Amino acid sequence: MTDSSDMTACDWEREPDPSDSLRTFGAVVQALREHAGLSRVDFGARVRFSKHTVESVELGRRMPDESFVERAEEALGNTGALRKAAGHLTRGEAGLAAWFRRWARLEKVAVSLCTYECRLVPGLLQSEGYARAVFDNSIPPLSDEQLEAQVVARMERQKMLRERPNVPFSFIVEEHLFRRRLGGREVTRGLLDHVLELTAPRNVTLQVMPLDAEFHACLDGPVQLLETPERRRLAYSEGQQNGRLISDAKEVSLLYQCYDTLRSQALNPKDSRGLLERLRGEL
């Protein structure tokens, strides 16, 4: 028989976009429950939550409350694993790809951020119109609600450029990305205006990698680099439907060397702005 806490559990909101940590926590609960030889009904009776709530937690669909975690610990041997794991639970972030969420959280507290892009104008510099054009090209097509969530998340993430004036942001972007008229002439004009505005502050540096460059230190693809408040350096690399957080010191050091070399090969910030202004005038 369940108590009143089960009624509260039934009223929990289902997570609209389950995070990796919720899925992992749920998998651990399920593994421990099955190791103990308990069905969801039996386990639910012991923790005083319905089998439907147990199922939702195990599938990462619901954020477990403190009482669930404590009772689950008692029912599954008091190993401490669930208590420790619960301390790392985070909700999903609508509009952000699952593989990007951890990096997005690190960005918010980074003391420096460097970005090289050769596929699209970086998300932190995209205008709303450009972002809509990007998501409008998604395959399979996004629903109106999904597209809107993606755009809102991108614009929200972009606020850090304005709200963190003491953090140095560095961008190196391929020239052809500004020449490509993704979304049309008006969208491109709005993009160039937006980029020029966002990169005007002293702490935001934009360098364009020219089309006629004879040397290129980042031919292996786009990369992002950051430094944490603890002065730890991390990197992030993204490809088709996946992303990789890189923490190995040797690998991160190599990527910083590549980025530093690319800085010397790209146009300087003044000439980069001049190029964007000329492109804007041609539209």
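**Close-up 1. Leu 161 in helix H10 of the predicted model.** Helix H10 spans residues 160–163. Leu 161 has 4% relative accessibility, so the residue counts as buried. Beyond its neighbours within four places in sequence, Leu 161 is in contact with Leu 124, Leu 125, Phe 169, Phe 171, Leu 198, Asn 203 and Val 204. One of these partners, Leu 198, sits 37 residues away along the chain. The C-alpha atoms of Leu 161 and Leu 198 are separated by 7.4 Å.

Close-up 2. Leu 275 lies 97 residues from Phe 178 in sequence. In space, the C-alpha atoms of Phe 178 and Leu 275 are 9.7 Å apart.

**Close-up 3. The largest nonpolar core, with 41 residues.** Phe 171, Phe 178 and Leu 276 touch the most other members. Helix H12 (residues 185–198) gives the most to this core, with six residues. With neighbours within four places in sequence set aside, Leu 276 is in contact with Phe 178, Leu 192, Val 195, Leu 196, Leu 206 and Val 208. A second core is separate and has 17 residues, including Leu 22, Val 29, Phe 49 and Phe 68.

**Close-up 4. The tilted ring pair of Phe 49 and Phe 68.** The structure holds three aromatic pairs. In this one, the ring centres lie 5.5 Å apart and the planes meet at 55 degrees, so the pair is tilted. Phe 49 is in the loop between helix H3 (40–47) and helix H4 (51–58), and Phe 68 is in helix H5 (residues 66–75), so the pair ties together parts that are 19 residues apart in sequence. Both Phe 49 and Phe 68 are buried. Phe 43 joins them: ring pairs link Phe 43, Phe 49 and Phe 68 into a cluster. Phe 49 and Phe 68 are also among the members of the 17-residue core.

**Close-up 5. The stacked ring pair of Trp 103 and Tyr 236.** The distance is 5.5 Å centre to centre, with 20 degrees between the planes. Planes under 30 degrees apart count as stacked. Trp 103 belongs to helix H7 (residues 101–109) and Tyr 236 to strand E5 (residues 233–239). The pair links distant parts of the chain, 133 residues apart. Trp 103 has 1% relative accessibility and so counts as buried. Tyr 236, with a relative accessible area of 2%, is buried.

**Close-up 6. Arg 233 over the face of Tyr 256.** Here a charged side chain meets an aromatic ring. The distance from Arg 233 to the ring centre of Tyr 256 is 4.0 Å.

**Close-up 7. The salt bridge between Arg 33 and Glu 58.** A search of the whole structure finds 18 salt bridges. In this one, the side chains of Arg 33 and Glu 58 meet at 2.6 Å, N to O. Arg 33 lies in helix H2 (residues 20–35) and Glu 58 in helix H4, so parts that are 25 residues apart in sequence are tied together. Arg 33, at 6% relative accessibility, counts as buried. Glu 58 is buried, with a relative accessible area of 3%.

**Close-up 8. Glu 55, Arg 40 and the salt-bridge network.** The closest N and O atoms of Glu 55 and Arg 40 are 3.8 Å apart. This pair links distant parts of the chain: Glu 55 is in helix H4 and Arg 40 in helix H3, 15 residues apart. Glu 55 has 29% relative accessibility, so Glu 55 counts as partly exposed. Arg 40 is at 24% and counts as partly exposed. The network of salt bridges links Arg 33, Glu 34, Arg 40, Glu 55 and Glu 58.

**Close-up 9. The salt bridge between Glu 117 and Arg 119.** The closest N and O atoms are 2.5 Å apart. Glu 117 is buried, with a relative accessible area of 9%. Arg 119, at 33% relative accessibility, counts as partly exposed.

Technical notes. Residues numbered from 1 in each chain as written. Predicted model: local features only at pLDDT ≥ 70, side-chain atom pairs only at ≥ 80, totals over all residues. Heavy atoms only, no water. Phe/Tyr/Trp six-rings, centres within 6.5 Å; stacked < 30°, edge-to-face > 60°. Helix = DSSP H or I, 4+ residues; strand = E, 2+ residues; numbered from the N terminus. Buried < 20%, exposed > 50% of the residue type's maximum accessible area, 1.4 Å probe, protein only. Lys NZ or Arg CZ within 6 Å of the ring centre and 35° of its normal. Contact = heavy atoms within 4.5 Å. Core = buried A, V, L, I, M, F, W, Y, C linked by side-chain atoms within 4.5 Å. Salt bridge = Lys/Arg side-chain N within 4 Å of Asp/Glu carboxyl O.
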